[in-house]
Amino acid sequence: MTDTLTPVLSRGWADERSWTREAYERRGGYEALRTALGMTPDDIVTLVKDAGLRGRGGAGFPTGMKWSFIPKDNPNPTYLVVNADESEPGTCKDIPLMMANPHELIEGVAIASLAIGAEQAFIYVRGEVLHVVRRLRAACREAYEAGYLGADVLGSGRRVDLVIHAGAGAYICGEETALLDSLEGRRGQPRLRPPFPAVEGLYASPTVINNVESIASVPAIVRGGIEWFGSMGTEKSKGFTLYSLSGHVRRPGQYEAPLGITLRELLELGGGMREGAKLKFWTPGGSSTPILTAEHLDVPLDYEGVGAAGSMLGTKALQVFDQTTSVVRCVLRWTEFYKHESCGKCTPCREGTWWLVQVLQRLDRGEGREGDIELLLDLCDNILGRSFCALGDGATSPITSAIQYFRDEFEAGLTTPSAELFPPAASTLFATEGATR
Amino acid sequence: MTLEAQAGTEAPVELVTLTIDDVEVSVPKGTLVIRAAELIGTDIPRFCDHPLLDPVGACRQCLVEVTDAGNGRGMPKPQASCTIPVAPGMVVRTHLTSPVAEKAQHGTMELLLVNHPLDCPVCDKGGECPLQNQAMSHGRAESRFEETKRTFPKPYPVSEQVLLDRERCVLCARCTRFSEQIAGDPFIALVERGAQQQVGIGPGLTGDGEPFHSYFAGNTIQICPVGALTSADYRFRARPFDLVSTPSVAEHDACGSAIRVDHRRGKVMRRLAGDDPEVNEEWITDKDRFCFTWSQQPDRLRTPLVRDAETGELVPTSWPGALAVAARGLQAADGVGVLPGGRLTAEDAFAYGVFARAVLGTNDVDFRARAHSDEEAQFLASTVALHRDVTYADLERADRVVLAGLEPEDEAGAIFLRLRKGTRAGRVQVVTIASHLSRGSQKLGATLVPTVPGAEAQAIADLDLGPSDVLLVGERLATSPGALSAAAASGARLAWVPRRAGDRGAVEAGLLPDLLPGGRPVTSAQARADLAAALKVTGSSDAPWPTEPGRSVAAMLEAASVGGLGALVVGGVEVADLPDPDVARDALEKVFVVSLEVRASEVTERADVVLPVAATVEKPGSFVSWDGRVRPFEAVLDVPGALPDVRVLAGIAEELGRPLGFRTVAEAAARMREVGPWDGERTPAPTAAPGPDQRTAAGQVVVSTWRQLVDDGRGQDGQPAYRATGRRPVLRASAATLGDVTSHATISTEIGSATFPVVVDDLPDGVVWVPANDGVTLREIGVGHGSVVRLAPGEAPEAQVPEGDA
């Protein structure tokens, strides 16, 4: 089954000191930048557009199209901002990528900056991952030393400067406009749109904001070309991507594969469920994507396939849960996360998550009341599509989908504590009873 | 002239037609859906939305369904109508016709109440609360929330005056947006996140927080849609439904700001900003809001007082008795001077003028209870009276607004906010002719023309102003030789911005030695005859209608102190405001003084007859704002026996046997209309030459000074919480000027000295700035704007001034 994997970004992760410039150059690193310097900016944009690269941060918006929204006649400078604020529960692709292969991201930054005419780029890194910040800064320094960044990129006369900026620990700053506010030194809260960042983003100037993986995929497209890229993936979801497998699986980790692979295939690659375990439910792209069940094992994991199954591809963070897991408890934990991370700007998300947690807590304690499930669904209906940004929407996804597939467990919460039905010890990864590794 | 200019510059309004709840409506392009709905009478519930603040879309209460965005496609989710501009062909369904919108609104309302304490029965806002009202109109009858609410310790003082009950806050960000966008004082901000999000103040150096010290802080209390923000002044004092509200006009500056005065059982409980888009929009200064207790102080005068010849004490007397004593004293005096002061209503001012001219037969009348000059009197007669060349709206439309001798943030808050609106919109450029860029000027993004006090004339001339510029001159220029002449000759559209509410009205009423009501020059026989005919009084044989210009305040006091005047009639004048307080005291001791006052003062202490008059709140009248707008108001409180100045003056006049011809405010107003404006020849504009450069010897400096909004003025008495929000009195000077002075500096004159902590600022060398009336009344040590004083290192005073922002 190993031939289903297409290691591009993860190629060389096992190399000796894979994160150094030297190691990256040995893998052919920065050749794409030289190629791109020979192209016009429009040609680079067209290349990425025609390749069909879609945003890897969750929404799947075509990257090249985003670049083409930058107005040509705006007197302000254009900025490139890379969203490396990876904080979604279950999502863990960008951080390993930046740890093992930071130069591919930096090369992507340089090429993307050339394409959109930005002389200044930023990578906004989640503040908690100090090790990543340090590694990126070291890589950035190396790139400057080699002339890949700076006032005169590889003698071309083109300038690309890069700042690695550490966030201060807020999930909301993964929302692109909140990220911009935070990057400007303000409190991170989402901005009203319009104006859209392409017109008035960072410092009210045209700004492109892309996910780490999207930008890191650009050098490969320049190297390999449209046809090579399109040879992977499905018709509308082209190329390779990182699938992050976690949970009750034998070999959790990053699996780089063409878009459209199924969970069944990925589970096989990951050695299957842990001993004695049966797949109960899973998230296709982090906790804010509606959960799926064993009946969705053969859903193609691309934007369209997962969408058709009633969820979203999101960040391809496949959290796998087995039969020992209480859905109610799991949803409560996720909801507690959203309550903690709600920025407070809008009423539905701020107050809704506060309330949802309290209802879920009593269901988890087995003290639920008649009508609590309807209450949860109605609250979710009053939050979804009513909140200021997608955080509030995301907070409702696990609840509504969990009730859809596991209503009986919520009903049980009226009488029985989840800990009784699903002893928490059994679902831990180190548990030996009920399931073994 | 103004009207034509406006008509020429207004672009035609482009209309957009959309459909709201099946009703077609055309509104100006750019209108937000929530306001378009208002035009068809649909009130969409809202909290964060405020027409004068930038849209934020935070509360999500105003959600509507947009079934067609104008492009044939509907919007998939309900939209916040406070953030969506109208589009041609747009189809909007509000809660009235859309079940989706109705459910969304009900849902948001229920969520808003999740963490709201519902303590309406003990909340100051209860009864006038947008949350309470809209929860009734757009909410569920009963909440499904039975769980635990978020709580906070209460109240949290964001300043000495503004208190915050965080658990009531719905986090609409109106207060924080007001502070940042309107006032330019972003000292409060939302901090923390999720349901723990709250309004907070900065950490400050001590960690105790940097307080919300803004001159406009009180507006946040008024626009708070719940009871989260209260004032220390009003908290727990009254219920809205027990209050009687009366529209009125603020009496603390010349802005003519609309206010609402709320009283209960004969006592004013609070004041709020009125809504006047032409003047102050919906904002007022904290002085306008909180300073209404000055007339309720223990030193309030209630009965007429007459000085007992034997004991020398003032003793209570009947009104007829006091009026008779006053009349006898004035009759006997060899020359009477009239000092009405600058705080009068237009009607009272008119009465003083008629009293001086027609009853006493003198032109010795001058409202200027402050430093003044003959050049200024001529400027007021020629260039201010009857002139209306600038309006508030011009302040946000003009290309360039030049301030000379004027600090709007301190002296005319409504002007400051209007200018800020214009500069924030990127339309207006502000230039300030001043010693340094004050905090207010910084917030206006003003360009500084660094000017040594006294050199304003040259600075104005150098700017090369034209008709597209607006020039606002402050009353301080009276002591800067040639400055007002330069202003009059500048070619700019010009307005004089005095400090007091009655100043402009006094000019129109002719309370100047060379000016009669309606812009009539004293020296014009035609004007005198016209006035006399309108007044129906011609003067009697023993008090002939005066034909020569009279004396200024300074000249009258000088004359009185050396026997050149036998009596003075004094209105609301503070001795410490006068150009030379010691000469004034001497004069008041020596001559027969009739004082018309609200509260005991240095004048009443020295008066022979004290006649108590009504405070602003107890009488009707009108103020004339700096832009020449008449701002009428009715009495708020009906206090029997509280007589306006006009009634008291009429009483004295009748005792003298020469009636004014009117007794009430209404009659005075009618007579003023009959007098009307003068259309004949006017006083020519002054052409005084600029003075010589200020010469300072070693160790001497020139003083730049003005009164800060919050200071020791008596109009602010009885408001300790408000007073505590003032700015710390400091001395500002360049590092070169300060030399080896590091912490404190003393300025001194022959008369006295004053010590201030020092702050290094960007003043011209040889110039210092100090506040005029904060801790020390500069006039008392003979110091005014442009004075030369000695500067020396000073000792920190024993009692430290309260902590505040510099």
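How many helices and strands does chain B have? Chain B has 25 helices and 38 strands, where helices (H or I, at least four residues) and strands (E, at least two) are DSSP runs numbered from the N terminus. The radius of gyration of chain B, taken over C-alpha atoms, is 28 Å, close to the 28 Å that the globule rule gives for 806 residues, so chain B is as compact as a globular protein of that length. The globule rule is 2.2 Å times the number of residues to the power 0.38. The structure is a predicted model, in which local features need pLDDT of at least 70 and side-chain atom pairs count only at pLDDT 80 or more, while totals for chains, interfaces and linings use all residues. Residues are numbered from 1 along each chain as its sequence is written, and chains are lettered from A and ligands numbered from 1 in the order in which they are written.

The C-alpha trace of chain B spans about 85 × 65 × 55 Å along its principal axes. Of the 806 residues in chain B, 57% are buried; a residue is buried if 20 or more other C-beta atoms, placed from the backbone, lie within 10 Å of its own.

An open sheet of chain B is formed by six strands in the order 15-14-28-27-26-16, with mixed pairing; two strands pair if DSSP finds at least two bridges between them. Strand 15 (314-316) and strand 16 (336-339) are the edge strands, each pairing on one side only. Strand 14 (residues 305-307) and strand 28 (residues 609-612) of chain B are antiparallel and joined by two bridges, with B:Leu305 opposite B:Val610.

Strand 26 (residues 567-570) of chain B is covered on both faces: B:Ala567 and B:Val569 on one side, and B:Leu568 and B:Val570 on the other, are all buried. Strand 26 pairs in the parallel sense with strand 16 of chain B over four bridges, and B:Ala567 is the bridge partner of B:Val336. Four bridges also join strand 26 to strand 27 (residues 592-597) of chain B, again in parallel, and B:Val569 stands opposite B:Val594.

In chain A, the axes of helix 3 (residues 41-51) and helix 11 (residues 218-230) come within 9 Å and cross at roughly 45°. Axes are lines fitted to C-alpha atoms, for helices over the stretch in contact (C-beta atoms, placed from the backbone, within 7 Å), and angles run from 0 to 180 degrees between N-to-C directions.

How values were computed
A residue is buried if 20 or more other C-beta atoms lie within 10 Å of its own, exposed if 12 or fewer, and partly exposed in between; C-beta atoms are placed from the backbone.
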